[in-house]
Amino acid sequence: SSRPAETGRRAAITASMEEAKQPVFGGEAERIGTRLDLATDEFLKETKTCRALQIAPGNGQLTAMEFVAYLGINLQLEPELAWIAREMLAAPMPPQASLKVSKAGVCYFHDLVNDYYTIEHPLTQ
């Protein structure tokens, strides 16, 4: 009669092992934060506290208006600050960084020296 209990335990262990192999995303990943590597955990926290540059659907590149939104410039109240967005758009990417774009159009940046990813533009760091 211990046979069914042993079979049940094996099934539970097998299910637990299979579950551990499944990738973990979103809120579930945050809930079990100990299963995330440190860089992934830091990236998730950063995305909640920073604005992100995003390429509008249908556009193949950033415009000054995306930088206006990213910097939080209110053109109705402070139109004189629009030059900052234009300069950021025209400025070359620092040599130690590269721009990447997700499938959703969100821009993120790869620090090539430290092999670190961030959504914060290198010129605002």
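In the hairpin of E1 and E2, Gly105 takes a positive phi near 90°. This hairpin has 5 residues between the strands. The model is predicted. Its 3 strands form an open, antiparallel sheet in the order E1-E2-E3.

**Sheet layout**
- Strand E1 covers residues 97-101, and strand E3 covers residues 116-118.
- E1 and E3 stand at the edges of the sheet.
- Each edge strand has a single partner, so one side of each is left without a neighbour in the sheet.
- From one strand to the next, the twist averages 30°.
- Strands of a sheet pair through backbone hydrogen bonds, in either a parallel or an antiparallel sense.

**E1 with E2**
- Strand E2 spans residues 107-111.
- E1 and E2 pair in the antiparallel sense over 5 bridges.
- Ala97 stands opposite Asp111 in E2.
- Leu99 faces Phe109, also in E2, across the pairing.

**E2 with E3**
- The pairing of E2 and E3 is antiparallel and runs over 3 bridges.
- Asp111 stands opposite Tyr116 in E3.

- Gly105 belongs to the hairpin of E1 and E2.

Key: Residues are numbered from 1 along each chain as its sequence is written. This is a predicted model: local features need pLDDT of at least 70, side-chain atom pairs count only at pLDDT 80 or more; totals for chains, interfaces and linings use all residues. Side-chain values use heavy atoms; hydrogens and water are left out. Two strands pair if DSSP finds at least two bridges between them. Helices (H or I, at least four residues) and strands (E, at least two) are DSSP runs, numbered from the N terminus. Axes are lines fitted to C-alpha atoms, for helices over the stretch in contact, and angles run from 0 to 180 degrees between N-to-C directions.
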